[in-house]
Amino acid sequence: MKLIITAFTLITSLWSNFSVLASCGKQVPYAHAQTSTELRLSSPGGLHEVRFREVQISPTVNELHYQVDYNGKPVITDSRAGLQLDNRTWELALALRIEQPKCWMDNFVVDSVCYQPLTDHIWHPLYGERSTVHDRYNSAVMYLSKKDGSQYRLNIEVRAYDEGIAFRYFFPEHPKAVFHKVVGDLTEYTFSPGTKAWTEQWAQAPFEWLSIGEIKHPVERALTLELPNGLWTALMDADVDDWCLTKFLASETKPNTLTSVMYSPVDIVTYYATPWKIIMTADKPGQLLEHNDIILNLNPPCEIANTNWIKPGKIMRETTISTEGAIATIDFCATHHIPYMLFDWKWYMPCTSHDGDATKVVPQVDMPRVVTYGREKGVGIWLYVNQHALMKQMLELFPLLRQWGIVGVKSGFVEYASHRWATWLHDMVRYAAENHLMINIHDEFRPSGFSRTYPNLLTQEGIRGNEEFPDATHNTILPFTRMINGAADYTICYYDKRIKTTHAHQLAASLIFYSPLQTIFWYDRPSSYSGEPEMEWFENLQTVFDDSKVLDGTPGKHVTMARRKGKEWFVGTITNNQGSKESIPLNFLDKGKTYLAYLYTDGGETIKTRTQIKCNYKLVNTSQTLSFNLKPSGGCAIRFVPVNPKEAKKYKKYKGEVL
């Protein structure tokens, strides 16, 4: 079965790459080639411009350089591009006598540049932060080759969106079938002096606010930077299922320059395309998150023919690992509109050892009874499975879980960084799709748009979430950094005494941190609930949306987000450790309509419930602005529902008071 999965992955990749080859051939009558050694491309609206060119360093050494501008302002100044390969062993094995340059890129020459017609179309994801995605870009390909008889060729494929620039390296098929070993990524990013970045050394790390030269250890993507000219930039990637983890590190020799750090070598068979590199730039930091559909656009379309079984929703963990606890949790979920329950680790033992057996359930859990009861109550059962069991048993386990009636798997402590484990992990998602299992990848893995191709991958962790009890300031950074990548399982811990924010902050976080599978009550049990009235927020909360907007925000200070599902809007705002005064203009609401605003704010000691949430209900319209005085580490959550005149008579109008 593993060979079948790997073969399927290869065929899919080859077909995608064939499409790329065809795009600059005779099949596209309006594409035109030029013999120029420079590629210069602007986005459809003229916001972004990228330039690739060959630079002669010495009579025998050429380098590929590029630069990116946004609205006439520099983003990436003159920077190197390219890859380092070590094919010597394969060349010798095939009796090819090729003189090795110091760097594999040294003796490439630009042959031509091919410009393609505008791509402009609309598509609709199965689910997402938006129900409609616009894919609009100009594109070009730069063709390079070596003139030393080696028959090596390399293409640079470039797309210019108004949201950002994307490029990747493409290897045409080698006529001698030489295997390629990529040992280094030469791509650099040079910024203007004074640029600073929000950095994390690993996916669940705290943030550091550093200048480029201070980044002494490799840092994660998305990497969000504030430029001295007032622009905001994010460095990301897309379509990475057959590559290794790449991070960023300050250059030891070039000032204000980031280098690319590959976790492992990558062995490829031509033809082959690397992941896309993305440089997204905007005037405001919130626009980076609003424009993150660029990542989805750079991934292949959905490969699953029948997606009826893929259903986003909220999920609650069962903490006792017992039949009785599961029955109680299922009842709680059914009552409060939570469609899924999770058995986390220890439902099989030992769960962190190769000696564990995930086909055998511990005696405390009657799995058939739990699954049947959940089905009767409309609550699907998810199971945690550690990498040890996945490595050893996945091929037999996934069909068995489907037979049991399990709807999803949360994979834990999976390796993902090397080329080997990256392909293994993405093949796991493919195999889960074959068995109609939804997936939540936990721990360090971060998304790069693979959920477009395999939407059974609902979410992943890759975030310093509530399980680690971060402070409020950390939470205000996440929307402008990690959340650009895509969905994150933040694991709301609503009732836990260890949380470092107010409960209204937690309510808002469940909206701000997008996840099609939204975990709530992570450390809680049904007995934690004492009739708190704000539970109606979680009961009505949606996990996928038709539209999403960042209304305001700055990393480390505050953020306000609005998301629409059908005719209803949900708004969340959170502040940092110091607190803030916030104003929310309601101009995103439909004109001419009256809405009932369900407001959930920190009420303080005047509220007698344990969570001290004040629930308020006011009539509002699009012309108004709501005002809030948020407590330190606080927030507020709001649900807007259109009401008719008869319903409106039951409530009072909002008159500008501070909430």
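I began with Arg563 and found Phe570 of S31 standing opposite. The model is predicted, so I note its rules: local features need pLDDT of at least 70, side-chain atom pairs count only at pLDDT 80 or more, and totals for chains, interfaces and linings use all residues. Residues are numbered from 1 along each chain as its sequence is written, and side-chain values use heavy atoms, with hydrogens and water left out.

**Mixed sheet**

I looked up the strands around that pair. Strand S30 (residues 558–565) and strand S31 (residues 568–575) run antiparallel, joined by 8 bridges. Helices (H or I, at least four residues) and strands (E, at least two) are DSSP runs, numbered from the N terminus. Two strands pair if DSSP finds at least two bridges between them.

Which order do the 7 strands of this open sheet take? I read S29-S30-S31-S36-S33-S34-S37, with mixed pairing. Strand S29 (547–554) and strand S37 (652–653) are the edges, each pairing on one side only.

S29 and S30 run antiparallel over 7 bridges. They form a hairpin with 3 residues between them. Gly556 in the turn has a positive phi of about 85°. Thr554 has His558 of S30 as its bridge partner.

**Helix H12**

Helix H12 (residues 503–512) touches S30, S31, strand S33 (595–602), strand S34 (613–620) and strand S36 (635–642). Contact means heavy atoms within 4.5 Å. The direction of H12 makes about 125° with that of S31. Axes are lines fitted to C-alpha atoms, for helices over the stretch in contact, and angles run from 0 to 180 degrees between N-to-C directions.

How many of the 10 residues of H12 are buried? I count 10 of 10, His503 and Leu507 among them. Buried means under 20% relative accessible area (1.4 Å probe, protein chains only).

**Parallel sheet**

I found another open sheet of 7 strands, S27-S26-S25-S24-S23-S22-S28, with parallel pairing. Strand S27 (457–460) and strand S28 (517–519) are at its edges with a single partner strand each, so one side of each has no neighbour in the sheet. The twist averages 30° from one strand to the next.

Strand S24 (residues 380–386) pairs with strand S25 (residues 408–412) over 5 bridges. Asn386 stands opposite Gly412 in S25. Helix H7 (residues 387–404) packs against S24 and S25, at about 160° to S24.

**Cores**

A nonpolar core is a set of buried Ala, Val, Leu, Ile, Met, Phe, Trp, Tyr and Cys residues joined through side-chain atoms within 4.5 Å. The largest has 126 residues. Phe343, Trp347, Phe398, Met428, Phe521 and Phe538 touch the most other members. Helix H8 (residues 419–434) gives the most, with 8 residues.

I followed Phe521. Beyond four places in sequence, its contacts include Met316, Phe332, Tyr494 and Phe538. A second, separate core of 59 residues includes Val68 and Ile279.

Definitions and conventions: Buried < 20%, exposed > 50% of the residue type's maximum accessible area, 1.4 Å probe, protein only.
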